[in-house]
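Open the model in your viewer and keep the selection tool at hand. This tour goes stop by stop, with something to select at each one.

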Amino acid sequence: MRLTLYTDYSLRVLLYLSGREDEIVTITELADFYKISRNHLVKVVHSLGLKGYILTTRGRHGGLKRARPAKEILIGDVVRSTEPDFDLLECFN
């Protein structure tokens, strides 16, 4: 099974936020840490916020943090919610 970069970035964002429990993290910090496009991360972060995985705050002192404890966020749920076509084989669709 292959995952899209969108799902990969989504999982990376959640992993990074899990390591920074009580801190507010910026998108620029994430982009610099993983050496990936800030523009792609903006889309990923927006989607994760809409789906309730993270809390986002706009403005000068804004940033990101997890919306719920890490043990309540299941990787399978994240993958299913971020993959556009999750059929493992052609016969599943």
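**Stop 1: α1 against α3.** This is a predicted model. Select helices α1 and α3. Their axes lie 10 Å apart and cross at an angle of about 70°. Angles of 65 to 115 degrees count as roughly perpendicular, so α1 is roughly perpendicular to α3. Now show the side chains at this contact. From α1, pick Tyr6, Tyr9, Ser10, Val13 and Leu14. From α3, pick His40, Leu41, Lys43, Val44, Val45, Ser47 and Leu48. Colour them by class: eight are nonpolar, three polar and one charged.

**Stop 2: α1 against α2.** On the α1 side, select Arg12, Val13, Leu15 and Tyr16. On the α2 side, select Glu29, Leu30, Phe33 and Tyr34. Six residues of this contact are nonpolar, two are charged and none is polar. Leave Val13 highlighted: it belongs to the contact with α2 and also to the contact with α3.

**Stop 3: the largest pocket.** Which residues lie nearest the centre of the largest pocket? Select Ile27, Thr56, Thr57, Arg58 and Leu64 to find that centre. The pocket has a volume of about 330 Å³, and its lining counts 18 residues. Next, colour by element. α2, α3 (38–50), β1 (54–57) and β2 (63–66) each give at least two lining residues. The most come from α3, which supplies six. By class, the lining holds nine polar, six nonpolar and three charged residues.

**Stop 4: the second largest pocket.** Which residues line the second largest pocket? Select Leu11, Leu14, Leu15, Ser18, Arg66, Ala70, Ile73, Leu74, Ile75 and Val78. The space here is about 160 Å³. The largest share is that of α1, with four residues. Of the lining residues, eight are nonpolar, one is polar and one is charged. Two of them link back to earlier stops. Leu14 lines this pocket and takes part in the contact with α3. Leu15 also lines this pocket and takes part in the contact with α2.

**Stop 5: confidence.** Finish by colouring the chain by pLDDT. The chain averages 89, and 90% of its residues reach 70 or more. Which element has the highest mean pLDDT, and which the lowest? Helix α2, residues 27–34, has the highest, at 95. Helix α4, residues 75–82, has the lowest among the elements, at 91.

Note on methods. Residues are numbered from 1 along each chain as its sequence is written. This is a predicted model: local features need pLDDT of at least 70, side-chain atom pairs count only at pLDDT 80 or more; totals for chains, interfaces and linings use all residues. Side-chain values use heavy atoms; hydrogens and water are left out. pLDDT is the predictor's confidence in each residue, from 0 to 100. Contact means heavy atoms within 4.5 Å. Ala, Val, Leu, Ile, Met, Phe, Trp, Tyr, Cys and Pro count as nonpolar, Asp, Glu, Lys and Arg as charged, and the others, Gly among them, as polar. On a 1 Å grid over the protein atoms alone, a cavity is a set of points where a 1.4 Å probe fits but cannot get out, and a pocket is an open set with protein on both sides within 12 Å along at least five of seven lines; lining residues have an atom within 4 Å of a point. Grid points are joined across faces, edges and corners, and a volume is the space filled by probe spheres set on the points. Axes are lines fitted to C-alpha atoms, for helices over the stretch in contact, and angles run from 0 to 180 degrees between N-to-C directions. Angles under 35 degrees count as roughly parallel, over 145 as roughly antiparallel, 65 to 115 as roughly perpendicular and the rest as oblique.
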